[in-house]
Amino acid sequence: MSEARDEIYIGSILLEANRHRAGKAPTFRVSEWLDRFREAGFDGVELWENHAALAPDEEVRALAASSLPMAVYNAYATFWDGSRGPADSTAMARRLGSRAVKFNFSRDAAQTEADLRGVAAWERGLPDGIRALCECHPGTIAETPAQAAALFDRLGRERFDVLVHPFSRPEGLSEWFQVLGPMVTHVHVQMRDEDNLPIRLDRRPAFVHDTVRLMRDAGFRGSWTLEFTEGTNRPGENIDDLWANALLDLAFLREALA
């Protein structure tokens, strides 16, 4: 019997032109794109927090009722001071039926102990069936595999999952699997050029195939989110071009994973 196919999600942040601007108010409704996501062959959505938290209730109801799952809730809660409510992220993830909530540790090492207490309390309050998924992001106290492992050894490794960025941060990729092993369950897909701008996966086919092979050999069988694509943060950025490039990335990634 063949293995189940890899689940690939569309990150709603990929299509959002306002993602890094002040206010970050959504510029489109994800619910209006759900049919296109489904027809394109995506297995779910990784929902950017503001596409729910700053959307009208009718939009949240539509997302919660979708047959295409809001598989990952991409949240930006803060834990050491609670200024960006972890409880709100939990409530929204529960309402949307998400399987995981993406979170980040603090960027301030001086807040490590408070951050650990906050993350631990938040994770204990997650409903059954919703996992805490750490984006061990550059600039945070979990930037490297060793730093992340030290934190999770204190929190309890079995309680957390980790996502990696294999195409934009290929250096040290093997170490994430060596140090954290089965905790690595999810991928953010984006690839960068020499100017640090996202490009399509088919621009570097050998690199993508080699990276997928490395991850397979390391035992990875998790899920993937198209996070950014060619056109992101470029002059004239628009949702139609981003969508067209996302479709090309989806097709290329499916072929690489086959």
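Leu163 has His186 in strand E7 as its bridge partner. The model is predicted. Helix H5, residues 112–124, packs on the sheet. Strand E4 (100–103), strand E5 (131–135) and strand E6 are touched by helix H5. The direction of helix H5 makes about 170 degrees with that of strand E4.

Strand E6 spans residues 160–164, and strand E7 spans residues 184–189. The two strands run parallel and are joined by 3 bridges. Strands of a sheet pair through backbone hydrogen bonds, in either a parallel or an antiparallel manner. Helix H7, residues 173–180, lies across strands E6 and E7. Helix H7 runs at about 170 degrees to strand E6.

Strands E6 and E7 belong to a closed barrel of 8 strands. The order is E1-E2-E3-E4-E5-E6-E7-E10, and the pairing is parallel. Neighbouring strands of this sheet are turned by 30 degrees against each other on average, with direction ignored.

Lys24 sits in a loop of the chain. This loop lies between strand E1 (8–11) and helix H1 (34–40). The relative accessibility of Lys24 is 32%. Lys24 therefore counts as partly exposed, since that class falls between the cut-offs of under 20% for buried and over 50% for exposed.

Beyond its neighbours within four places in sequence, Lys24 is in contact with Asn18, Arg19, Trp48, Asn50 and Leu54. His51 is 27 residues from Lys24 in sequence. In space, the C-alpha atoms of Lys24 and His51 are 9.6 Å apart.

Methods. Residues are numbered from 1 along each chain as its sequence is written. This is a predicted model: local features need pLDDT of at least 70, side-chain atom pairs count only at pLDDT 80 or more; totals for chains, interfaces and linings use all residues. Side-chain values use heavy atoms; hydrogens and water are left out. Two strands pair if DSSP finds at least two bridges between them. Helices (H or I, at least four residues) and strands (E, at least two) are DSSP runs, numbered from the N terminus. Axes are lines fitted to C-alpha atoms, for helices over the stretch in contact, and angles run from 0 to 180 degrees between N-to-C directions. Contact means heavy atoms within 4.5 Å. Buried means under 20% relative accessible area, exposed over 50%, partly exposed in between (1.4 Å probe, protein chains only).
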